[in-house]
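I am opening my notebook on a structure that is new to me. These entries keep track of what I looked up, in the order I went.

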Amino acid sequence: GKLRAGLPTKTRELPKPSRINESFEIQCEKASYLLKINRHRPASIGFEGEAASQQALRFGGMMCPKALRVGDLPDGGSYMIQEFLDFDADALHEPDTQRALGILLAQMHLHHAERHQQFGFGLNTCLGTLPMDNSFCDTWSEFFVEQRLRPHFSLVVERFPEEARELILLAPLIFDKA
C-alpha cells in the first residue's frame with residue numbers, strides 16, 4: 001500500500017544488532033521508514049514503551065526517530081514503524097558525541113520538584129528482553145532499588161543460584177543501606 005512518503009521503492013533487511021527484533025528499511029519516493037518486528041511479544045510489552053520513550057527523548061531535545069505506528073501482528077508478536085534516521089554510526093562513538101549525548105540525557109532526567117512529585121515513567125519498557133517496571137516511586141533511591149536493582153538481583157539469583165551464593169550473602173548490605 002501507499003505510505004505518506006509515496007509508494008515503497010526498495011526494502012532491505014538490516015543486520016540484527018541483537019536477537020530481539022527483525023528490522024527493515026522501507027525506502028519510499030519521499031522518505032524512508034524503519035519497520036521493526038518482534039515475533040514473541042505483544043506491542044504493549046515492548047514497542048508501546050519504546051515509542052513513548054522516543055517521544056520523551058525528542059521532547060528533551062534529542063534527535064530521535066518518531067514512531068508512526070505500533071501494533072500487534074495477527075499471528076502473535078508486534079511491529080513498530082518509525083522514521084528512518086540515516087546517520088554515521090562511527091560518529092556515535094566519538095568522545096564529543098558521547099559527551100553531548102550524556103549531557104542531553106542528564107538534562108532530560110533532571111528532577112524538577114516543582115513539576116514532578118515522583119520518579120518513574122508512564123509506561124513500562126524493556127531493556128533487551130527484560131521487562132522494566134517504571135512504576136512511580138516517591139524517591140530516586142526507592143525507584144532505583146525497587147525498580148532496577150532488586151528485579152535484576154532476583155533474576156540473577158533465580159537463573160544462576162549456585163553462582164549467586166556470594167551475592168545473596170551481600171544482599172542485606174546492598175538493600176538495607178538503600
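Predicted model: local features only at pLDDT ≥ 70, side-chain atom pairs only at ≥ 80, totals over all residues.

**Entry 1: overall extent.** I looked up the box that the C-alpha atoms fill, and along the principal axes it is roughly 60 × 40 × 30 Å. The chain has 178 residues, and 27% of them count as buried. It exposes about 12400 Å², with carbon and sulfur atoms supplying 56% of that area. I also checked contacts between residues at least 6 apart in sequence: 38% of these join residues at least 24 apart.

**Entry 2: the core.** Which residues make up the largest nonpolar core? I found 8 of them: A5, F24, I26, C28, Y33, L35, I37 and Y79. Two strands, β2 (22-28) and β3 (32-38), each supply at least two residues of this core.

**Entry 3: the cysteines.** A disulfide is a covalent bond between the sulfur atoms of two cysteines. How many does the structure hold? I counted 0. For C28 the reason is distance: the closest cysteine sulfur, in C64, is 20 Å from its own, which is too far for a bond. C126 is in no disulfide either, as the nearest cysteine sulfur, again that of C64, is 16 Å away. I then compared burial: C28 is buried, at 8% relative accessible area, while C126 is partly exposed, at 23%.

Entry 4: W140, F144, L149, L170, L173 and I174 make a nonpolar surface patch of about 540 Å². Helices α3 (140-159) and α4 (165-175) are the elements that give two or more residues to this patch. I picked out L173, which lies in helix α4. Is L173 buried or exposed? L173 counts as exposed because its relative accessible area is 53%, and the cut-off for exposed is over 50%. I also took a distance from L173 to Q117: they are 56 residues apart in sequence, and their C-alpha atoms are 28 Å apart in space.

**Entry 5: a buried loop residue.** Where is N134? I found N134 in the loop between β7 (130-132) and α3. N134 counts as buried, since its relative accessibility is 4% and the cut-off is under 20%. Leaving aside neighbours within four places in sequence, I listed what N134 is in contact with: G120, F121, L123, N124, T125, F143 and R148.

**Entry 6: following one contact.** I went on to G120, in the loop between α2 (95-109) and β6 (125-127). G120 is partly exposed, with a relative accessible area of 35%. What does G120 touch, not counting residues up to four places away in sequence? My list reads N134, S135, F136 and F143. From G120 to F136 the step is 16 residues in sequence and 4.3 Å in space, C-alpha to C-alpha.

Conventions:
Residues numbered from 1 in each chain as written. Heavy atoms only, no water. Core = buried A, V, L, I, M, F, W, Y, C linked by side-chain atoms within 4.5 Å. Buried < 20%, exposed > 50% of the residue type's maximum accessible area, 1.4 Å probe, protein only. Helix = DSSP H or I, 4+ residues; strand = E, 2+ residues; numbered from the N terminus. Patch = residues over 30% accessible without salt bridge, like charges linked within 9 Å, V, L, I, M, F, W, Y side chains within 5 Å. Areas by Shrake-Rupley, 256 points an atom, 1.4 Å probe, with all protein chains shown as cover. Salt bridge = Lys/Arg side-chain N within 4 Å of Asp/Glu carboxyl O. Contact = heavy atoms within 4.5 Å. Disulfide = S-S within 2.5 Å.
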